[in-house]
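Student: I have a new model open and would like to learn how to read it. Could we go through it feature by feature?
Tutor: Gladly; let us look at it together.

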Amino acid sequence: MVENQIKNTMDQMEESMQELTRDLTEAQIEAVTTTSGPLLVLAGPGSGKTTVVTRRIAWLLAQGIPSWQLLALTFTNKAAGEMRDRVQSLLSETGQDQRGLTIMTFHGFCARLLRQHAEDANVSPNFTIYDTTDRRAALKQAVRNAGLDSSNWTPASVGEAISNCKNQLMTAETHDSGSGDFYTRSIGRVYKEYQTILTRNDAVDFDDLLLKVALMLRDNEAVRTSLQERFQYLMIDEYQDTNQAQFVIASALVGPQRNICVVGDPDQSIYGWRGADITNILDFEDQFQSAKVVSLGRNFRSTGHIVDASANLIQRNTSHRERTLHTELGEGEKVAVAGSVDEHEEAQEIVHGFRQRFIEGTPWREMAVLYRINSMSRVLEQKFRDAQIPYVVARGTAFYERAEIKDALSYLRMVVNPRDDVAMRRVINTPPRGIGKTSLDRLEKHAILNRLGLGEALDQVEEVPSLTARARTSMKRFIEMVARWRFDADGGSLVLDLPDFVSKVIKESGLEKAFRTSSSEEDIARLENLDELVTAAAEWTPPSEDESEEAEPLTILQQIAAWLESIALVSDADMVDPENGTVTLMSLHAAKGLEFDVVAIAGLEQGLLPHSRALEDDVEREEERRLFYVGMTRARRILRLSYAHRRTVRGITERTMASQFLDELPAESMDRQDTTDPWGSTGVKGVSVADWQVGATVRHPTFGLGMIRRVVPRPRGTTATIEFVEYGHRTLLVAQANLEIVSPDEHPWEGIDIPI
DNA sequence: CTTTCGCGAATTTTT
DNA sequence: TTCGCGAAAG
C-alpha cells in the first residue's frame with residue numbers, strides 16, 4: 001500500500017520531469033537540468049530566460065529538493081513576482097505549491113537578513129530604509145557637519161562617491177582619509193558624518209542593505225554557514241547587473257556544494273553607473289572554477305530585421321563577445337526610422353502610428369514608447385491624452401515622492417522608528433504648528449550639547465531652557481501625538497486595520513485639514529493622493545512568511561514596518577501591469593525584461609541617446625549602446641525609431657543631430673523615412689516644406705534666383721546647397737539665408753538646361 | 001512664526 | 001520648466 005503510493009509519486013515525478021523539458025531547445029534543457037555545480041546561463045534577449053529559470057526551479061523540486069533550500073534573487077519586485085507566478089502555474093499542474101520557496105529581490109532579501117540578524121550585522125532590528133530624498137537630506141546634513149561648503153559639495157556628487165565606496169565594501173572606518181588628496185580626505189570626512197547620522201537615526205540606505213549583509217557574511221562564519229546550509233541552491237537573475245557587494249554576498253552564500261546558477265547577458269548591462277560590475281559575469285568561469293556555461297542562442301521574441309539590426313549594433317562594442325542569435329519568426333517588418341521637426345511632431349507621429357496599429361488589431365497593452373530620460377514623457381503624455389488613447393507612465397516611485405505622501409509616510413516612520421530624525425524634521429512643523437526654524441535650532445543645539453539624537457532631545461523638551469513656552473507646548477503636543485499612535489499601533493487600546501490606521505494618522509496629524517481648507521486645484525489633488533495612499537495600504541498584503549506555518553497575525557506596528565519597507569523597495573518597472581489595457585510609456589532602463597509587439601523609441605539624438613554625459617567616454621558610450629540595444633530588443637514585431645531636429649529641454653530650444661547609433665544599423669534591415677525632408681511636414685516661417693526640396697526654385701536677396709541641389713541637416717542647422725543663376729554654387733543655412741520660394745509660374749529655367 | 005517672492009541651479013538612467 | 005533655497009514682508 002505504502003509502497004504503491006511511493007511508486008505512484010515516483011511515476012508522477014517522472015512524468016512531470018518529462019513535461020518540464022518537452023518543448024525546450026537543447027540549450028534550454030541543459031540549463032534546466034544542470035542542477036549541481038556552478039552554472040552560467042548566457043541569455044540573450046528573448047531567449048526564454050524566464051522559462052529556463054522557472055522550469056529549473058520546478059525541475060529541482062521534481063527531483064525532491066525541499067523548496068526551502070532554494071533561493072532565487074532578482075533585481076525588481078516585478079521580476080520576482082513574475083517568477084513566483086510562473087513557478088506556481090508550473091507546479092499547480094502537479095498539485096504542488098510554491099510555499100517555502102524564497103524568490104526575492106536582492107535588496108529585499110538583504111533587508112530581511114538584516115532584521116533577522118540585526119545583532120550580528122550591528123543594526124537596530126527596526127531600522128528605516130532611506131530613499132533618495134531622505135538620503136539627500138542626510139547627505140546635506142553630513143556636508144554641513146563636516147564643515148564643508150555645500151555649494152562645492154553637492155549631495156549628488158558626495159552621494160555618488162560614498163556609494164562607490166560602499167559598493168566596494170569600504171566602510172567609513174576603513175575609508176583611507178589620512179592620506180590621499182584633499183578631495184579623498186573630504187569625502188572620507190563626509191562619509192563618516194553621514195554614517196553617524198544614519199546610525200543615530202537607526203537608518204540604512206540602499207547601499208547599506210548590501211554592504212552590511214556582505215560584511216556580515218564575510219566576517220561572521222556562524223551566520224554564513226547556517227545560510228549555506230539552509231540555501232543549497234542559489235539562483236541569480238540579471239547577473240550582469242550585480243556589483244562588488246552583491247558578488248561577495250553571492251559567493252558567501254554558496255556552500256561547499258557550489259550550487260550556484262547565474263543568468264544574464266553582458267550586452268544588457270546598463271547599470272554600470274550604479275556600480276554594477278560587468279566583470280562579475282565575464283569572469284564567472286574564473287571565479288567559479290569548472291563552471292558550466294550554457295548559451296541560449298535562439299530568440300523567440302522578435303522577428304528577423306529586429307534581431308539583425310540590434311545584433312549589428314551591439315557588435316560595435318568592444319566589450320561584446322561574439323555570439324550568434326537567430327530567430328525563426330520570419331523577417332518581419334523592417335525597423336523604421338523617422339525624423340521630425342520637433343518633439344511635438346515626433347510624439348504626434350508616434351501616436352498616429354500606434355492608432356494605426358490599433359486599428360489593425362494590436363491591443364494598446366502591446367505597445368510601448370521608450371525614451372532615455374523621464375522628462376521626455378511629458379510631451380508624449382500630452383499627445384496620448386489629446387488623442388484619447390489610454391496610457392500609463394511607468395514611474396512607480398513617483399507617487400511616493402510626492403510631498404504630501406512623503407509627509408504622511410514620515411509620520412508613520414516616526415511611529416515605527418522614534419529615532420528617525422529625517423522623518424521627524426520633515427513633519428515636526430508640517431502642517432505648521434508653531435515650531436519654526438528658531439525653535440528647531442535651539443532644540444538641535446541642546447541635542448548636540450548633550451550628545452543626543454533630535455528625537456531624544458525632543459523627549460526632554462523641559463530641559464531645554466532656551467525654548468519659548470509656546471514652542472515647548474507645541475513640541476510636547478507633537479510628542480504625545482506620536483506616542484499615542486505608537487501605543488495604539490503596538491496592540492494598544494483600539495483595534496484597527498492598517499488602512500484605518502493610516503487614515504487616522506493622516507487626519508490626526510492635521511495633514512488632511514491643511515489641504516481641505518483651501519480648494520485650489522492642487523490641494524484637491526493632494527487630498528486625492530492621500531486617499532490613494534490609504535487605498536494602497538488596504539491593497540497591500542504582507543509577504544507570507546515561509547518559515548512558520550501558523551504565523552501569528554502581525555501587529556499594526558509590524559504591518560506598518562513591513563509596508564514601509566515594501567514601499568522603500570518599489571521600482572518603476574514594478575508598476576507595469578500586463579493586465580491593463582493601456583499603452584506604456586517608460587524609460588529605457590525600466591523597460592529591461594519586458595516585451596511588446598510594438599515599440600517606439602523616441603529621441604535618438606546625439607546628447608540624448610547617447611546621453612551628453614556619456615559622449616566623451618568610450619566605456620560610457622558603450623553602455624549607452626547597450627541601453628539602446630535593450631530598447632530595440634523589447635520589440636516583438638514592430639520597431640520604430642525617431643528623432644527630432646529641434647528639441648526643447650528645460651525651456652530652451654536647441655537644434656539637434658541624429659544619433660550616431662542610427663548610422664550603426666544595417667541598411668538592409670532599415671526603412672529610413674527621414675532622408676528626404678529634414679523639416680518634416682510643417683516647415684518653417686510659414687513656408688510649406690514640400691517646397692524645400694531638391695529641385696525647388698528660390699530667390700536670395702543678394703544671389704538672386706537659384707535651384708536647391710542638396711539639403712543636409714547639420715548641428716548648426718539645416719543647410720541647402722543652391723545653384724544660383726549668376727553666382728554658381730553656394731551652401732547656406734536655410735534658417736538664416738532669408739530665402740524665398742519662387743512659384744513655378746516665374747520659373748527662370750525655361751530654356752536653360754542645368755544638369756542635375 | 002508664516003507666507004510669499006525672486007533668483008539660481010539643474011535632472012541621465014534607479015534598487 | 002521646475003524645484004529649492006534664502007530673504008523679506010506680513
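Tutor: We begin with burial: a residue is buried under 20% relative accessible area, exposed over 50% and partly exposed in between, using a 1.4 Å probe and protein chains only. Aspartate 488 has a relative accessible area of 9%, so this residue is buried.

Student: What should I know about the model and its numbering?
Tutor: This is a predicted model, in which local features need pLDDT of at least 70 and side-chain atom pairs count only at pLDDT 80 or more, while totals for chains, interfaces and linings use all residues. Residues are numbered from 1 along each chain as its sequence is written, chains are lettered from A and ligands numbered from 1 in the order in which they are written, and side-chain values use heavy atoms, with hydrogens and water left out.

Student: Where is aspartate 488, and with which side chain does aspartate 488 make a polar contact?
Tutor: Helices (H or I, at least four residues) and strands (E, at least two) are DSSP runs numbered from the N terminus. Aspartate 488 belongs to helix H23, residues 469-489. A polar contact is a pair of N or O atoms within 3.5 Å; within protein, one must be able to donate a hydrogen and the other to accept it, and residues adjacent in sequence count only if both atoms are side-chain atoms. Here the partner is the side chain of lysine 504, at 3.4 Å.

Student: How do I read a pair of aromatic rings?
Tutor: Such a pair is described by the distance of the centres and the angle of the planes. Rings of Phe, Tyr and Trp (its six-membered ring) pair if their centres lie within 6.5 Å; planes under 30 degrees apart are stacked, over 60 edge-to-face, and the rest tilted. The count by this rule is 13 aromatic pairs. Take phenylalanine 75 and phenylalanine 106: their ring centres are 5.8 Å apart and their planes are at 50°, so this pair is tilted. The two are 31 residues apart and link distant parts of the chain, with phenylalanine 75 in the loop between strand E2 (70-74) and helix H4 (77-92), and phenylalanine 106 in helix H5 (residues 106-116). Phenylalanine 75 is buried at 17% relative accessible area, and phenylalanine 106 is buried at 1%.

Student: Which geometry do phenylalanine 399 and tyrosine 400 have?
Tutor: That pair is edge-to-face, with 5.1 Å from centre to centre and 80° between the planes. Phenylalanine 399 and tyrosine 400 are both buried. Elsewhere, ring pairs join Trp153, Phe182 and Tyr183 in a cluster.

Student: How should I look at strand E11?
Tutor: Strand E11 (residues 335-342) is mostly covered, with eight of its eight residues buried. Two strands pair if DSSP finds at least two bridges between them. E11 runs parallel to strand E18 (residues 670-672), joined by three bridges, and valine 337 stands opposite arginine 672 there. Six bridges join E11 to strand E16 (residues 635-649), also in parallel; aspartate 342 has arginine 646 of E16 as its bridge partner.
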